[in-house]
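Please look over the model shown here before reading the briefing that follows. The notes are grouped by topic, so that each can be followed with the structure in view.

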Amino acid sequence: MAWSIEWEGSISVNRSTRNRKRGSWIYQSYVAIGNTREELINAFFSLVGYGKVSHYKSYVNNCKDTHKWEVKSYSDIKKFCEEVLPFLITKKKQAQLAIEFCNLRMSASRDGICFKKGENTRTPREKEIYEEMKKLNSRGMETRKDNFPEMVPVKLIKEKVEDIR
């Protein structure tokens, strides 16, 4: 599961507007894996046992349709990230931030913090997590070079594969 996330997946926090006039932002964490091979995504869904599988039609010539497995439930994101965290290399920090984000949201719900329409639904730490995640997931090596090891030792990769087996 971890290697699927490393190669074909994404762990992130998105920001969108709830009400443009009020300038209210909402943050949502998600985990997703996309591929053009439907059987791979369906097999992954069967292995994990939760989440949602979607099909996206390509309207671009020479591009295949895409299939995507994704999770948006805080408890499922947390569970998934905790399961794959020991095996991640380049997306370990994203998984840790996603777990922290989900813990913040789930504890806010338990503490009775109300997320009603038009209310500010974020804590200062959620904004910080969003900004960190945005930097980690940005394209290009300039913003990412400090977040990745120079070279992953082959021995470490072999150990991770053996752990999975």
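**Salt bridges and their network**

In this predicted model, Glu 132 and Arg 125 are joined by a salt bridge in which the closest N and O atoms are 2.9 Å apart. Glu 132 is partly exposed, with a relative accessibility of 28%. Through salt bridges that share partners, Glu 100, Arg 125, Glu 128 and Glu 132 are joined into one network.

- Arg 125 also forms a salt bridge with Glu 100, and here the closest N and O atoms are 2.7 Å apart; this pair links distant parts of the chain, since Arg 125 belongs to helix α5 (residues 124-136) and Glu 100 to helix α4 (residues 92-110), 25 residues apart.
- Arg 125 is partly exposed, with a relative accessible area of 23%, and Glu 100 likewise counts as partly exposed, at 29% relative accessibility.
- The structure holds seven salt bridges, and one of them brings together the side chains of Glu 70 and Lys 68, at 3.7 Å from N to O.
- Within that pair, Glu 70 counts as buried at 11% relative accessibility, whereas Lys 68 is partly exposed, with a relative accessible area of 25%.

**Aromatic pairs**

- Five aromatic pairs are found when the whole structure is searched, and one of them is the edge-to-face pair of Phe 44 and Phe 80, with 6.2 Å from centre to centre and 65° between the planes.
- Because Phe 44 lies in helix α2 (residues 38-48) and Phe 80 in helix α3 (residues 74-84), this pair ties together parts that are 36 residues apart in sequence.
- The rings of Trp 69 and Phe 80 have centres 5.3 Å apart and planes at 50°, so this pair is tilted; Trp 69 lies in strand β4 (residues 66-71) and Phe 80 in helix α3, so the pair ties together parts that are 11 residues apart in sequence.
- Ring pairs link Phe 44, Trp 69 and Phe 80 into a cluster; Phe 44 and Phe 80 are both buried, and Trp 69 is buried too, with a relative accessible area of 0%.

**Buried residues**

- In α3, the buried residues are Ile 77, Phe 80, Cys 81 and Val 84, and they cover an arc of only 95° around the axis, which puts them on the same side of α3.
- Ala 32, found in strand β2 (residues 24-35), is buried, with a relative accessible area of 6%.
- Leaving aside neighbours within four places in sequence, Ala 32 is in contact with several residues, among them Lys 68, Trp 69 and Glu 70.

Key: Residues numbered from 1 in each chain as written. Predicted model: local features only at pLDDT ≥ 70, side-chain atom pairs only at ≥ 80, totals over all residues. Heavy atoms only, no water. Phe/Tyr/Trp six-rings, centres within 6.5 Å; stacked < 30°, edge-to-face > 60°. Helix = DSSP H or I, 4+ residues; strand = E, 2+ residues; numbered from the N terminus. Buried < 20%, exposed > 50% of the residue type's maximum accessible area, 1.4 Å probe, protein only. Arc of directions from axis to C-beta. Contact = heavy atoms within 4.5 Å. Salt bridge = Lys/Arg side-chain N within 4 Å of Asp/Glu carboxyl O.
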